[in-house]
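Please consult the sequence and the structure shown here while reading.

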Amino acid sequence: MKVDLYNYIKAAQKMNRRQMLKGSAALGAAAMIPKTALAGGHGNVRAEILKIPGVGAGSPTDSDWQKVGEMCLGGTKGNVSEGEFEGVELTFMGLNNQNLHNFLFRGFLKPWEAYTGAKINWIDLAQADYNARLQQSIATGTADFDIIEMGAPFEGDVLGKGMASEMPEWVKEQIDMDDYVDYLKAPVGTWGGKTYRVSIDGDCHTFAYRKDYFGEGSITGRDVPTTWQEINEVSKDLIGKEDPLTGLPAHGYLDPLKGWGGFGFYFLENRASAYAKHPNSPAWLFEPNTMKPMVNNPAWVQAIQDVMDLIDAGAYPTDQINADPGTTAFQQFLAGTGSMLMWWGDVGSNARTSDTSVVGDVAGFGINPASERVYNAKAGAWEESRNEAPNMAYIGWGVYVMATVEGDDKKKKAAWSAAAHLGGKDLSLWASAYPSGFQPYRNSHFQYDEWEEAGYDRAYVEDYLGSNADSYNHPNAAIEPRIPGIFQYYSVAEDELAKGYAGQYGSAQETADAIAAAWEKITDQIGRDSQISVYKASLGM
Amino acid sequence: MNTDGDLLHTVTTDNISDSRKRLGKLMVWGTALFCVMLALQQTIYQSGRASIGFETWRPILYAYMLWATALCAAQVIVNGEKGKRTLFVLPAALFVISLVVFPLLFALYISFTDWNLASPKGPQPNGWDNLVQMWNDSFYWNALTNMVYYVLAVSVEYVIAFGLALLLNAQISARKFFRIVFLLPLMLSPVAVSWMIGKSMLEVRFGPISRIIRDLGGEPTFFGNPEIARFMIMAMDAWTFIPFMMIMLLAGLQALPSEVLEASKVDGASGWQSFKEIIFPLMLPVSVTAVVIRIIFKLKLADIIINVTSGGPGGATDSVTSFIFREYRDRSNVGYGTLLAMVYLVLIVIFVTLLLKLVSRWMERPA
């Protein structure tokens, strides 16, 4: 679970003393149970690990991570005998964001190291250094790590170049891949029909709105918008009105108009996915047979036009042209400016826990809004039918084993065993419930009874996490292409969009054409034929 | 004792045999040949025309180090005592060549390739394509135009810095305190300035400056309008670096000969006259140094832009460095990004050379 989400739920729910005592008593009882009994008793493990350290008992520490790792060793013990990896050394490259990620992995894997006899060396990277380090390793063919924590968008770069090791069958069974939410199943994590990824996270953008702006007697007097057309109408209607919470000018939807190192493009995608992601095809950014950009088709142009119309109408806060996604979420929405936003889980979680948030009591959530019409790229025409397409922005983190282990069976098995331990079904439940940097990503993570039993407020968990679950399992989820250089495409698009929003292009179509031209250049530079083949592979075609 | 030659700098006279000299030369040429052969073989191997080669270029680096060591040793073997004197400089010179010249040559090669880190082909020479692309790249020309504005802003910074230096050179109370206070911005990282001022104090909604403007009945906008945004970037950069010019000018003012100033006072010169006729002309060398160094700093302007505006709105605040940063970091476009940097380097060298020539001519001093 993202740290903020954890804090938010703690703040949002009303935990009474009795619940706290129940949790403490259970934890005390758990401490008396022999470790082997816990590890072996699968059904029991899930309930018991959720009590470490216990909801409301402070943030987990290294000893908690080690306890959880120890109690979740059941899967490993089924496939690996004690001391089997004696003498094996592995290098693990991952992040150190918020002192999570690798910090947790160290704790989780310590009991695994003690049991198997393997030793793990760690490469910790800050998020800002991660992409450059990985790209350089890929480009120079110098992978100095055996296991990597990596986002799915890089699969094109790594899997497409044969740098990873294929997942053995026994790992698939150990981690129960059928339990993944729909969008994390193949083709995500696979390449050329082979599976490479142990998922440890899920990502998607969800819709956050201000409840006090909607409903009877509210400033808008209407229901919460469910389509982009309604959002645009509401945003224009709100011009000149006053925010009920802050007394400052009221605003509708908050589009970030400034780039964010490529990540800003996800936010135009939120609008465009409803228009452009037709259920008849997984492709919505490039045409799979030619890599011709679809970003200048009528659907994408409509999305850009929407933003330009709102700029012209003066619907955005002052200086919105200089607002990146971080600004729209944390300095605007949470601080009481604007009433609608699309973002990852952090916004919902920060709503009540952040000191600068004033919208904690009035924040509501939903999935990415729909469109009243959808563009059918195959037919080249708009269809007047409602279309929903939640944007699975970034797809989430996974653990991958590099091809460096090939040729050494013992090392390969050790690396995969470590990856499987981190992506285990039970361990991942704990990671989704406590601060870890990861969101729920398995269907079993949405068994709200388990959360309730652990001490969480059911209504809140159902409301907030439900929006994630609905997005993950949506049949028309918009999944980004896992092709080499995907963030290069996003980054150059941000530059062109900034020019378009600043009025330097004549129209939305011209802006979209400029993006398409820039994308064509990147495709040619990376290699069109190779891009076509990896794009098709990433789409499972 | 030999009484010929340079007696002043000669400690002992060496009688170096011919065989020893031959050995020294053999060491140098032998290791050089070995290094070159190895590099050639590796180049052929890398191009796929040979089956024998190394996995990496590291062995060639070792061969180069072997040659460098042999070259140093040969100085003593061949030249004796005189060679020892060369040894004081040679390792440093080789070090500089290794770390400056080689990377520069490598960068020159890279800048004529289509190297994109995401490309499975790796770097492929692409002739003049990058130059053509640069010629048609409106983002780059826009950034260069912005650099002209940014560099011109140095003249205003200079005036302010000179004024502050005069103030701090005068007999004012708490002079030491003010000197330290005025130096504080220079001690701050531009990244800190970006966040403290650009992203916090100038934040449109709750930034204190925005609140004051709103309280006064205005509607604050700092980075929404291209001209204002560019001015704000200039102002933040100036605030950080004016103290640098100021401290240089202050040092110059304190070094002025007091007798000249006193003589002008005795002759009845007014404050303005002594500034115009004595202080400013005498300060010209310091001023020129301060301005040139400041311009060189300015040409590297990037951090504040990257943090505050990312070059926006619509490229209005982009500097060449911030644009190259995006091209390089966000798009892994190594070949094109390197070419842009190389062209920028050439432009800077030409510009600074011309500037120094003009200044030296103006000051009637040899460059």
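A residue is called buried if 20 or more other C-beta atoms lie within 10 Å of its own, exposed if 12 or fewer do, and partly exposed in between, with C-beta atoms placed from the backbone. This is a predicted model, in which local features need pLDDT of at least 70 and side-chain atom pairs count only at pLDDT 80 or more, while totals for chains, interfaces and linings use all residues. Residues are numbered from 1 along each chain as its sequence is written, and chains are lettered from A and ligands numbered from 1 in the order in which they are written.

Q: What percentage of the residues of chain A count as buried?
A: The count is taken over the 541 residues of chain A. By the criterion above, the buried share is 59%.

Q: What radius of gyration does chain A have?
A: The radius of gyration is taken over C-alpha atoms, and the globule rule is 2.2 Å times the number of residues to the power 0.38. For 541 residues, a compact globule would have a value near 24 Å. Chain A agrees with this, at 24 Å.

Q: Which residue is the bridge partner of Ala208(A) in E9(A)?
A: Strand E7 (residues 206–210) of chain A pairs with E9(A) in the antiparallel sense over 4 bridges. In E9(A), the partner of Ala208(A) is Phe365(A).

Q: Which helix of chain A gives the most residues to the side that touches chain B?
A: Residues are in contact if their C-beta atoms, placed from the backbone, lie within 7 Å. The contact takes 34 residues from chain A and 29 residues from chain B. On the side of chain A, the elements giving two or more residues are helices H8 (127–140), H20 (486–501) and H21 (508–526). The most, 7 residues, come from H20(A).

Conventions: Two residues are in contact if their C-beta atoms, placed from the backbone, lie within 7 Å. Two strands pair if DSSP finds at least two bridges between them.
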